[in-house]
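Please keep both in view while reading.

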Amino acid sequence: MRIAYVSAGAAGMLCGSCLHDNTLAAAIRRLGHDIALIPTYTPIRTDEEDVSLGRPFYGALNVYLQTRSSIVRRAPRFVHRILDHPALLRWASKIGSSTSAAELGELTLSVLMGEEGPSRLELERLVSWLRDSFKPEVVHLTNSMFLGLAGPLKRELGVPVICSVQGEDLFLDGLVEPYRERVLDLLRRRAGDADAFIATGEVYAKRMREMLGIPEARMNVVRLGLNLAGQGGASVRRPPEPFVVGYLARVCPEKGLHVLAKGFRELARKAGKERVFLRAAGYLGPKDRPWFTELRARIAEWGLDDRFEYLGEIDRAGKIGFLSGLDVLSVPATYPESKGLSVLEALANGVPVVQPRDGSFPEMIEATGGGVLFEPGSAEGLAAALGSLMEDPSGRRAMGERGREAVHRLFSDEVMARETLKVYFAATCTS
């Protein structure tokens, strides 16, 4: 099967959607299918081998300038090629990473409007390449913000269009009015253009069905999958103390590092600070640096500066090494998380997790038996859960082993790829 997978670059940062899309495309390719992972806006970033095309479509600068200026829309094609130059897009990535969702309403509308919008030239270029060069049998859009492409792609290519939903509700909630309601209205109208949708969990599938008015029969659930090469080897024997709590995610308020810091403070107060340590890693963008500086200052005020370490962004080998040095991982997101890749990665390496009873996490814990849940936003509940695992080393290790076995059996990239292919084949048979 020939598959065109349209993926959104994340302005130079490592994000769960880019990692997911690249892992899925690589796994589908290993199963013998021809898949083009097509980056949009900016190149994608991944901590594995990048299998995407070398050139992006819907380049961030072109979309931005065409949305703002009719002069750019009428410019010769060579001008648009210059704007898609990798060096310029890397520069745009630095700007984009400091831009909040609230500022992106106009651009979001531009893409959702499809051939009726100001970025229609980018849509025409994508359609032309797919029709004349790649000739796919199915097109997969990475999230519902691309639903403006679905109708024209189906009409021009004569193939089914699949759309993933993976975290865009947080983006939508961040848009300011009047853009949020206008975007939601367009999404609901464009949702009928997609042949099928894919969500990574039942809870999120239900949320997006209700938000976009999608019939239940058109929503499929395909669990996340990991490239498990090099993960889950022999357990590293750690000294009994200090008890090391880890955080692996983007460093921002939404992912809840401040909640973990408060829970860690309570744990240190009860257990003794010399017995515990908090280690964090992940991408820190420009717009979140002031917030993180303030958080570090509070940690110092609590007398815990020497019990906290931030390692920055780490590569795949560094990630596996980081996880092997933890007793437990917690990423207490402050919103209903739709993915939670780092939680699966911890479990794949035998590290139990402590997560909010919200979003995708209850499903993960139920499927793997590898963690403990607490009430969302409760630093006290988080501290109590961490404390119970700290005082039960054998139970903690058994929980980690259950998680490891379940992830390697149920959440591999091959399992994810085969389940996704079932959706593709079903769509091609009914379209």
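Helices (H or I, at least four residues) and strands (E, at least two) are DSSP runs, numbered from the N terminus. Axes are lines fitted to C-alpha atoms, for helices over the stretch in contact, and angles run from 0 to 180 degrees between N-to-C directions. This is a predicted model, in which local features need pLDDT of at least 70 and side-chain atom pairs count only at pLDDT 80 or more, while totals for chains, interfaces and linings use all residues. Residues are numbered from 1 along each chain as its sequence is written, and side-chain values use heavy atoms, with hydrogens and water left out.

Two packed helices are described by the angle between their axes and the distance between the axes. For helix 6 (residues 105–112) and helix 10 (residues 179–190), the angle is about 20° and the axes are 10 Å apart. On the helix 6 side, the contact (heavy atoms within 4.5 Å) is made by Gly105, Glu106, Thr108, Leu109 and Leu112. Helix 10 contributes Tyr179, Arg182, Val183, Leu186, Leu187 and Arg190.

Leu149 is located in helix 8 (residues 147–157). Its relative accessibility is 0%, so Leu149 counts as buried (under 20% relative accessible area; exposed is over 50%, partly exposed in between; 1.4 Å probe, protein chains only). Not counting residues up to four places away in sequence, Leu149 touches Tyr58, Val111, Leu123, Leu126 and Leu141.

A nonpolar core is a set of buried Ala, Val, Leu, Ile, Met, Phe, Trp, Tyr and Cys residues joined through side-chain atoms within 4.5 Å. The largest one has 61 residues, of which Leu257 and Leu329 touch the most other members. Helix 12 (residues 257–271) supplies the largest share of this core, 8 residues. Apart from this core lies another, of 46 residues, including Ala36, Phe134, Leu157 and Ala191. Leaving aside neighbours within four places in sequence, Leu329 has contacts that include Tyr247, Leu248, Val343 and Pro352.

Across the chain there are 19 helices and 13 strands. Of its 431 residues, 57% are buried. Among contacts between residues at least 6 apart in sequence, 73% join residues at least 24 apart.
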